[in-house]
Amino acid sequence: LALLLGRPVEVALLSDSLDEPAALALADTAAAPSSQTTDFNFDLIPEKPQSAEAIAQQQAIERSQATRRSLLQWHQALGIATVAFTVGALITGQLNYSDKFGGGSNSGQYEIYHDVFDTLAVATFATAGILALAAPSPPTKPDRGVDTITIHKWAMIVAAAGIVTQLVLGIATASQEGHVDQATLATTHLVIGYVTGAALLTGVTVLFFP
Amino acid sequence: MTARRVTVLCGTLWLVGCTNGQTSTGTIVDQTAGLFGVPTMTPGESCLSCHCPDSHMAGCTGKASQRVWTVAGTVYNDPMADAGDGVAGVEVIVVGDAGTITMVSNAAGNFYTAEDVGAIEAVIVQNSKYRMQMNTSVKPPAGDCNGCHASPPVVYSNAFGRVFVPKEGP
């Protein structure tokens, strides 16, 4: 009876004072509500049947977001690779500059490494940028003002401008080998290189902050 | 230079390995200069035989015609020095009728310029202690110092051995 009623204390008191049929009758009346509420489910918002068009639209959104996720994961990986290659290009570029114009012996030993790093940096940066631009937009874009993504985008625009400038300037500097104005071009190339690197690092670092 | 950068791109991204004097993209690797050439390459040899405008010129291979030097050479401490014993940090001043250019020898002793100095009137080679001067007039395109200044001395020239300046200290 205690198990059926779920109220052991009351049942214990009643079982001493009532005869058996009365106790059973009490048990029946107590058990009756529980048999009526076996299904606890309820509809907070009643479901409406979706039209075929709405279902197709929902599936299209899911597909585009899966594509977006995949592209942005590659974008992230290539972005990290770009930072690594850019740091390499900056280090070898500074070494190359010091070797040639900073009292070094003009051995040219860092040129090939600088070329490899800057080529890789340009290639990964361009690919990462294309992936980001190609990624489908999210279904809703809440206006959050200037957030980390906004700073990331602006920093990358600066970095992109810097990289394009560096490409042109780097080729121009190298082509002036043996000319007296090469030092001026190289200094400009070096300064813009650091600015570009700073923009790139800013754009990546800011993403670590919510 | 664009070709150079394209080659680097190919070499880097397409995992090129140099085999049999060619990259897998077909770029010929010069046996003297390698894929690119460096400022310290082939000291003591005639620079302008490759760093000249085109192969139609007498004595010009045209191998480095994208980087034409007007004056180039290697400086040593001794006129009979071995080719690899070039000296770094020596100042080379070339006075021409179109201008004067000052160069500093690199780690291999090489110096070079692409600036037009016109007909060379004098060349000064100096370190902090000694100063050597050549007053022989040389008309362009004969800025190939090592073409005459060689060891053993070139028979047809008046140059006695390599371009040199005595060593500063013991």
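## Largest pocket

Helices H4, H5, H6 and H7 of chain A each contribute at least two residues to the lining of the largest pocket; helices (H or I, at least four residues) and strands (E, at least two) are DSSP runs numbered from the N terminus. The model is a predicted one, in which local features need pLDDT of at least 70 and side-chain atom pairs count only at pLDDT 80 or more, while totals for chains, interfaces and linings use all residues; side-chain values use heavy atoms, with hydrogens and water left out. Residues are numbered from 1 along each chain as its sequence is written, and chains are lettered from A and ligands numbered from 1 in the order in which they are written.

The volume of the largest pocket is about 1400 Å³. A pocket is an open set of points on a 1 Å grid over the protein atoms alone, with protein on both sides within 12 Å along at least five of seven lines, and its lining residues have an atom within 4 Å of a point. Grid points are joined across faces, edges and corners, and a volume is the space filled by probe spheres set on the points. Of the 40 lining residues, A:His75, A:Ala132, A:Ile149, A:His152 and A:Lys153 lie nearest the centre of the largest pocket. H6(A) provides the largest share of this lining, ten residues. The lining comprises 24 nonpolar, ten polar and six charged residues, where Ala, Val, Leu, Ile, Met, Phe, Trp, Tyr, Cys and Pro count as nonpolar, Asp, Glu, Lys and Arg as charged, and the others, Gly among them, as polar.

## Cavities

Three cavities of 30 Å³ or more are present in the structure; a cavity is a set of grid points where a 1.4 Å probe fits but cannot get out. The largest cavity holds about 640 Å³ of space. It is lined by 34 residues, and those closest to its centre are A:His114, A:Asp118, A:Gln166, A:Gly170 and A:His189.

Both chains take part in the lining of the largest cavity: H4, H5 (111-134), H6 (148-175) and H7 of chain A, together with H1 (2-13) of chain B, each supply at least two residues. H4(A) accounts for the largest share, nine residues. By class, the lining of the largest cavity contains 13 nonpolar, 13 polar and eight charged residues.

Chain A has seven helices and zero strands. Of its 210 residues, 29% are buried, that is, under 20% relative accessible area, with exposed over 50% and partly exposed in between (1.4 Å probe, protein chains only).

A:Val87, A:Ile91, A:Leu95 and A:Leu201 form a nonpolar surface patch of about 310 Å². Such a patch joins nonpolar side chains (Val, Leu, Ile, Met, Phe, Trp, Tyr) within 5 Å, from residues with over 30% relative accessible area and no salt bridge, the latter being a side-chain nitrogen of Lys or Arg within 4 Å of a carboxyl oxygen of Asp or Glu. Helix H4 (residues 52-101) of chain A gives the largest share of the patch, three residues. A:Leu201 belongs to helix H7 (residues 182-205) of chain A and is partly exposed, at 38% relative accessible area.

## Backbone features

A:Asn106, in the loop between H4 and H5 of chain A, has a positive phi of about 50 degrees although it is not a glycine. A:Asn106 is buried, at 14% relative accessibility. B:Thr42 also has a positive phi, near 35 degrees; B:Thr42 is partly exposed, at 27% relative accessibility, and lies in the loop between H1 and strand E1 (71-76) of chain B.

A cis peptide bond, with omega about 0 degrees, joins B:Ser151 and B:Pro152. B:Pro152 is placed in the loop between helix H2 (145-148) and strand E7 (163-164) of chain B.

Conventions. Patch = residues over 30% accessible without salt bridge, like charges linked within 9 Å, V, L, I, M, F, W, Y side chains within 5 Å. Areas by Shrake-Rupley, 256 points an atom, 1.4 Å probe, with all protein chains shown as cover.
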